[in-house]
Amino acid sequence: MAKKMHIQMTVNGEEQEFLAEPRELLIHTLRERLNITGPHIGCETSHCGACTVTINGKSVKSCTMFVAQANGAEVTTIEGLGSPDSLHVLQEAFKEHHGLQCGFCTPGMITRASKLLEEIPNPTEEEVRFGMAGNICRCTGYQNIVKSILAAAAEMSAAKEAAE
Amino acid sequence: MIPAAFEYHRPKDMAGVLAVLVEHGDEARVLAGGHSLIPMMKLRMADVPHLIDLQDVDGLSGITVDGGRIRIGAMTTQSDIIGHAALAEAAPIMREASLQIADPQVRYMGTVGGNVANGDPGNDMPGLMQCLDATFILVGPDGEREVQARDFYEAAYMTDREDDEVLVAVAFDAPSGGYAYEKQKRKIGDYATAAAAVLLVKDGDTCSSASIAMTNLSDTPVWSEAAGDALVGTSVDAAAIDAAVAAMLGDIDPTQDNRGPIEFKRHAAAMILRRAIARAWDRA
């Protein structure tokens, strides 16, 4: 067994420190070590995006990063976006527009969408579909996911305008 | 899903990287974006006892457009390429191709150096680099050397890079004229069934220079000198395009897989090259 490494990372604003083998995949760190079980595992070939989290400002498939690489990183998961009492605009929009059914892809979808809307605040439908192409869904047929994201974008823009 | 155990190294400079490579030889591999290597390690198809993470090594990422010369550091991500305004102006084919590689998450991590050094004929950048006549810059224990992209690829996963060398940058002259990267694929994120990189220069009504490379149609990328030559001096009319396609078909050597049988791939290659030539000529 390889030597364990001392790892420090910030997850959803909280400092975490632990010893881990370098080969531990970040998705397993989140789910099994830190009990942050929103991000899911849907494949072993880096296609599905169910494990998507935000790392140092990038949407990353956490199944394709070793915990060693994330040493020192800042990580945000679905749990860090909103809470049941105070949903993130995207969480509210997915609920309102039926953007989920089984819910397995949803944490990755919403985490990815949050970054997409940071980069393109007012995306077209095509930009949403292309920008979400790293996330697979078995239930919705994507249509209502696109609606949810466009609705969230409109709401975020309106809120931003109102604030200005 | 579960990779084998390894020793992890995260050096701060190239001297540190080379020290591990020299000490451990082919037991050591560099880790760039990790989006080809980690999947192979998870399937236990790659055995890497010593992994050298390049993320803290200074000077490996960044894009410079200096006059007509472009240099892209090996750790520059696909997403950096897509977002770089000066590169988009100087070599718009780079952005066009990057947008057809993988998906957003993979493009945040996957690097140009990893794409070209990987040696998988499915990767898109190698053919593009051959089309651009790019130079690869490698650093090893004896210093730096340059290899032309057109000489770099030997077979699937076999390149001119030595075990103790690291590919640190790609460099090429900003292309003039029209460009196109056309890719036929089954879905987002798939490697090409067939893809073509085309650069054409127009002088009046005549094509004065042409470069054509094909992706995933052999065990290496294929720069088809004959296909380009078939267009030079013509007005890129139907007969010239037919000749270029015929020349390209003489240079590729596709194999059957779940993207289709050989005859279909040859058909797809011809179709995609016709489209790429038409679009490049239109933009020239």
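Is A:Cys63 buried or exposed? At 3% relative accessibility, A:Cys63 is buried. The legends below describe close-up views of a predicted model.

**View 1. Cysteines of chain A without disulfides.** Searching the whole structure, over all chains, gives zero disulfides. A:Cys43 takes part in none, and its nearest cysteine sulfur, that of A:Cys48, lies 3.9 Å away. A:Cys63 is likewise in no disulfide, with the sulfur of A:Cys51 as the nearest cysteine sulfur at 3.8 Å.

View 2. A:Cys43 has a relative accessible area of 19%. Because buried means under 20% relative accessible area, A:Cys43 is classed as buried. For A:Cys63 the value is 3%, and this residue is buried too.

**View 3. The second largest pocket.** This pocket has a volume of about 440 Å³. Its lining holds 24 residues, and those closest to the pocket centre are A:Lys58, B:Gln55, B:Met75, B:Thr77 and B:Met109. By class, the lining consists of 11 nonpolar, eight polar and five charged residues.

**View 4. The two domains of chain A.** The domain assignment places domain 1 at 5-80 and domain 2 at 89-163 of chain A. Taken over C-alpha atoms, the centres of domain 1 and domain 2 of chain A are 22 Å apart. Across the contact between them, 18 residues of domain 1 of chain A meet 12 residues of domain 2 of chain A. About 1100 Å² is buried between these two domains of chain A, and carbon and sulfur atoms give 57% of that area.

Methods: Residues numbered from 1 in each chain as written. Chains lettered and ligands numbered in written order. Predicted model: local features only at pLDDT ≥ 70, side-chain atom pairs only at ≥ 80, totals over all residues. Heavy atoms only, no water. Disulfide = S-S within 2.5 Å. Buried < 20%, exposed > 50% of the residue type's maximum accessible area, 1.4 Å probe, protein only. 1 Å grid on protein atoms, 1.4 Å probe; cavity = no way out; pocket = protein on both sides within 12 Å on 5 of 7 lines; lining within 4 Å. Points joined across faces, edges and corners; volume = space filled by probe spheres on them. Nonpolar A, V, L, I, M, F, W, Y, C, P; charged D, E, K, R; others polar. Domains from an automatic or database assignment. Contact = heavy atoms within 4.5 Å. Buried area = accessible area lost by both parts, 1.4 Å probe.
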